[in-house]
Amino acid sequence: MVYGSMLGPGDRPDGDDGARWDQAGVDWKAVLAHDEVAIHVDEGGRSSLHRRDVLVVATEDLNDERLVANLRDIGVDDDQHRKEAERANGAGLGFGTLRLGNRLGVVDATVFLRSLDGRRPLRVGPDHLLWPMQARGMFPASPPVPAPSGAAARRARQRVVDNCGDAEVRVAVLDTGVVAGATGHDPLLARCVVASEDDSLWDASAGALRHWVGAHGTFAAGVLAAASEGVARIDMRDLCHALPGGPPLVADTALATVLAEVLARGARVVNLSLGGPTALDLGTLALSLVVSRASGRAGRRGKGPSTSDAVVVAAAGNEGTTQAMFPAALKGVVAVAALDAGGSPTPWTNRGPWVDCAALGDGVVGPHVRGMGAPHGGAPAQAFDGWARWSGTSFAAPHVAGRIAAALAAGAGSARVAAATVLASGQPLPVASGLGVRVR
């Protein structure tokens, strides 16, 4: 492995990884030029992004003698450590952050601190950066196209509204928010979305998307609402500008903070159609600490019970790889791959032992904008009349999240029991496929 390898603002990742940036329409020069963005390139040429000089530390480890003894060597002074330890203990999120000096890169610091002698490795890591729609390389498998059957889709979704009962399950979708006006042409969204931040990639005055991945959250919420049979009560959050003054990236710590907020508000199911690779497969530490509480794993080290009864569902990604993608690969998260309409794996879905299940993710029809899309790959923008056909694990994940919500409404005793029930009822897929079970 090459630890701490970075590219400058004028450089570009090599090989297939660079091609993924280009295919996704990412302005990589703008991304890498931001003061907060650093890139790590593993020996195989696989890149990942993290916040420059920011180290995430589990709250319980902030005062570990091994960390304290080495703070100055990694560029942290006593005053900064004291203030961050106080803030982290007060925040109750389970993690804090330390700003490193220029002595050691974050990935190098992580490897060094995790290798120190002791009863267990210190829980430290980079503050990885993810794309809020999907990670770089995890963009939807193809851009959306106008759905020719919008009227039929609306009628079908109205029937769901007419037939659903009074049960309600709180769900959160952390994505791009909802396009203003989308609930006007989708009766199911109008019923299910109870709190929403507007999709900032939609320019209402121009009646057009600013980027072709706009309406991603609207579409995902529409899939989830249908799969839940109308019982989901969705809290939508827009993550598109989580990195101030920069590209639409969301930090692990920022996403973990929003996740903790929606869990505190009572969300029983959370959908994350986002993610990506991490440096040296270190994972997303802040998210893992919050997820462990939600999934009932926080008490393993004798520090009290979980903070909520909730299940987190995440998209596995669209790169056709077995490399672990986060947060889908975190323990306690339901990782979802994609199938086509015939139940076969799509050629672009990620897979592997970290994937729990697969659902329809190819050619899905759902709510979109009424207006213009955005250019993609040299193709001109297309006009949409409120509905689109779209492909990606982004839209397989909310189907599974919706089925879990439906199981909760049907009487499952807890979110974890509901998730286990949905997975247990799935059709087993060949072990060699790395896709777990098929969820209908």
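Student: Is the crossing of helix 9 and helix 12 left-handed or right-handed?

Tutor: This is a predicted model, in which local features need pLDDT of at least 70 and side-chain atom pairs count only at pLDDT 80 or more, while totals for chains, interfaces and linings use all residues. Residues are numbered from 1 along each chain as its sequence is written, and side-chain values use heavy atoms, with hydrogens and water left out. A crossing is called left-handed if the near helix is turned anticlockwise from the far one by less than a right angle, and right-handed if clockwise; helices here are DSSP runs of H or I with at least four residues, numbered from the N terminus. By that rule, the crossing of helix 9 and helix 12 is right-handed.

Student: At what angle do helix 9 and helix 12 pack?

Tutor: Axes are lines fitted to C-alpha atoms, for helices over the stretch in contact, and angles between N-to-C directions run from 0 to 180 degrees. Contact means heavy atoms within 4.5 Å, and the residues of helix 9 that meet helix 12 include Phe219 and Val223. The axes lie 7 Å apart, and the packing angle is about 35°.

Student: How many of the 12 residues of helix 9 are buried?

Tutor: Buried means under 20% relative accessible area, exposed means over 50%, and partly exposed lies in between, with a 1.4 Å probe and protein chains only. The buried residues include His216, Phe219 and Leu224. Helix 9 is largely enclosed by the rest of the structure, because the number of its residues that are buried is 11.

Student: Which residue's side chain makes a polar contact with the side chain of Asp186?

Tutor: Asp186 lies in the loop between helix 7 (182-185) and helix 8 (187-192), and Asp186 is buried, with a relative accessible area of 0%. A polar contact is a pair of N or O atoms within 3.5 Å; within protein, one must be able to donate a hydrogen and the other to accept it, and residues adjacent in sequence count only if both atoms are side-chain atoms. At 2.8 Å, the partner is Arg157.

Student: How far from Cys164 is the nearest cysteine sulfur?

Tutor: A disulfide is counted when a pair of cysteine sulfur atoms lies within 2.5 Å, and by this rule the count comes to zero disulfides. Cys164 is in no disulfide, and the nearest cysteine sulfur, that of Cys192, lies at a distance of 6.9 Å.

Technical notes. Helices (H or I, at least four residues) and strands (E, at least two) are DSSP runs, numbered from the N terminus.
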